[in-house]
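Trainee: Could we go through this structure together? I would like to begin with the overall fold and then turn to the details.

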Amino acid sequence: MKKLKLLVFFFSFILLPNVIYAGCTKDEINYFKRIEDKYRVTYEFNKASMNYDVYLYTYENDLYAFNLSDYQDKINAIYEEDDYVVIQLTNIEPGTMTITIIGATDTCDSTLKKYDINLAPYNYYSEDPLCEGIEEFYLCQTTYDKEIDYDTFVSRVETYKKNRVTTTVKANNKYFDKNIIIEFIQENIFEIIVGTIFTIVIIITIILTAKSIKKRRRLE
């Protein structure tokens, strides 16, 4: 019931952006600071639209809200997820997107938090055959926020592949050396134990013999 009430509140707030409120009091601002981590913004690139889907996670209360007056035509859905009310915005173009949280009562309309979100444009180099097998490389990911020419892209990909091969070879050599030692011990465990015991016996014998000789010399 509370969440239903909250959904109605959001629709009312979105459709009536010109309502006049007042600045938030110190107590209202401090209370928001205690619960501000309950609000969050996530986003993901949508290859179908070549734009972004943005998700606003809202804590269940009717004191504060995301100001969506600039994004009313982008609202695709409002739904519940766990303890949150989620507002989904779709078809958000790459670039810097600013989202604010404001007070939403008749005594509080101050801007309490601001999100400046950098939505990187689609990276067409991610479709290049050179990216096959190295999709984790930053120049091969779906989005990238800097412009580079193709020659630079090729050079950086080749450098990445070369460094990755070198790192892999070193790791494999380290693993190989370690395995050789382990296999040698496993295959020669009996001889190693016998040799160790024999060595210990010889050392003890030498020590006892040396002590015995010293004792004899003292008696003489």
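Mentor: What follows is a discussion of a predicted model.

Trainee: How many helices and strands does the protein chain have?

Mentor: The protein chain has four helices and seven strands. In sequence order the pattern reads α-α-β-β-β-β-β-β-β-α-α.

Trainee: And what share of the residues counts as buried?

Mentor: Of the 220 residues in the protein chain, 29% count as buried. The chain exposes about 15,300 Å², and carbon and sulfur atoms supply 55% of that area.

Trainee: What share of the contacts comes from residues 24 or more positions apart?

Mentor: Among contacts with a separation of 6 or more, 57% are between residues 24 or more positions apart.

Trainee: A cysteine, then. How many disulfides does a search of the whole structure find?

Mentor: The search finds two disulfides. Cys 131 is joined to Cys 140 in one of them, with an S to S distance of 2.0 Å. Both Cys 131 and Cys 140 are buried.

Trainee: Is the disulfide of Cys 131 and Cys 140 right-handed or left-handed?

Mentor: The torsion about its S-S bond is about -80°, so this disulfide is left-handed.

Trainee: And which residues does the other one join?

Mentor: The other disulfide joins Cys 24 to Cys 108, with an S to S distance of 1.7 Å. Cys 24 is in the loop between α1 (2–15) and α2 (26–35), and Cys 108 is in the loop between β6 (95–103) and β7 (111–119), so the bond ties together parts that are 84 residues apart in sequence.

Trainee: Are Cys 24 and Cys 108 buried or exposed?

Mentor: Cys 24 is buried, with a relative accessible area of 13%. Cys 108 is buried too, with a value of 1%. The torsion about the S-S bond of Cys 24 and Cys 108 is about 75°, so that disulfide is right-handed.

Trainee: What pattern do the disulfides follow along the chain?

Mentor: Counting the bonded cysteines along the chain, the pattern is 1-2, 3-4.

Trainee: Changing topic, what is the count of salt bridges?

Mentor: The count comes to three salt bridges. In one of them Lys 113 pairs with Glu 36, and the closest N and O atoms are 3.4 Å apart. This pair links distant parts of the chain, with Lys 113 in strand β7 and Glu 36 in the loop between α2 and β1 (40–46), 77 residues apart.

Trainee: How exposed are Lys 113 and Glu 36?

Mentor: Lys 113 is partly exposed, at 24% relative accessible area, and Glu 36 is partly exposed, also at 24%.

Trainee: Where does Arg 164 come in?

Mentor: Arg 164 forms a salt bridge with Glu 136, at 3.4 Å from N to O. Arg 164 is in helix α3 (residues 150–187) and Glu 136 in the loop between β7 and α3, 28 residues apart. Arg 164 is partly exposed at 35% relative accessibility, and Glu 136 is partly exposed at 42%.

Trainee: What does Asp 145 form a salt bridge with?

Mentor: Its partner is Lys 146, and the closest N and O atoms are 3.6 Å apart. Asp 145 is partly exposed at 41%, whereas Lys 146 counts as exposed at 54%.

Trainee: Finally, which residues form a nonpolar patch on the surface?

Mentor: Ile 189, Ile 193, Ile 197 and Val 201 form that patch, with about 340 Å² of accessible area together. Val 201 is in helix α4 (residues 189–219) and is partly exposed, with a relative accessible area of 45%.

Note on methods:
Residues numbered from 1 in each chain as written. Predicted model: local features only at pLDDT ≥ 70, side-chain atom pairs only at ≥ 80, totals over all residues. Heavy atoms only, no water. Disulfide = S-S within 2.5 Å. Helix = DSSP H or I, 4+ residues; strand = E, 2+ residues; numbered from the N terminus. Buried < 20%, exposed > 50% of the residue type's maximum accessible area, 1.4 Å probe, protein only. Patch = residues over 30% accessible without salt bridge, like charges linked within 9 Å, V, L, I, M, F, W, Y side chains within 5 Å. Areas by Shrake-Rupley, 256 points an atom, 1.4 Å probe, with all protein chains shown as cover. Salt bridge = Lys/Arg side-chain N within 4 Å of Asp/Glu carboxyl O. Contact = heavy atoms within 4.5 Å.
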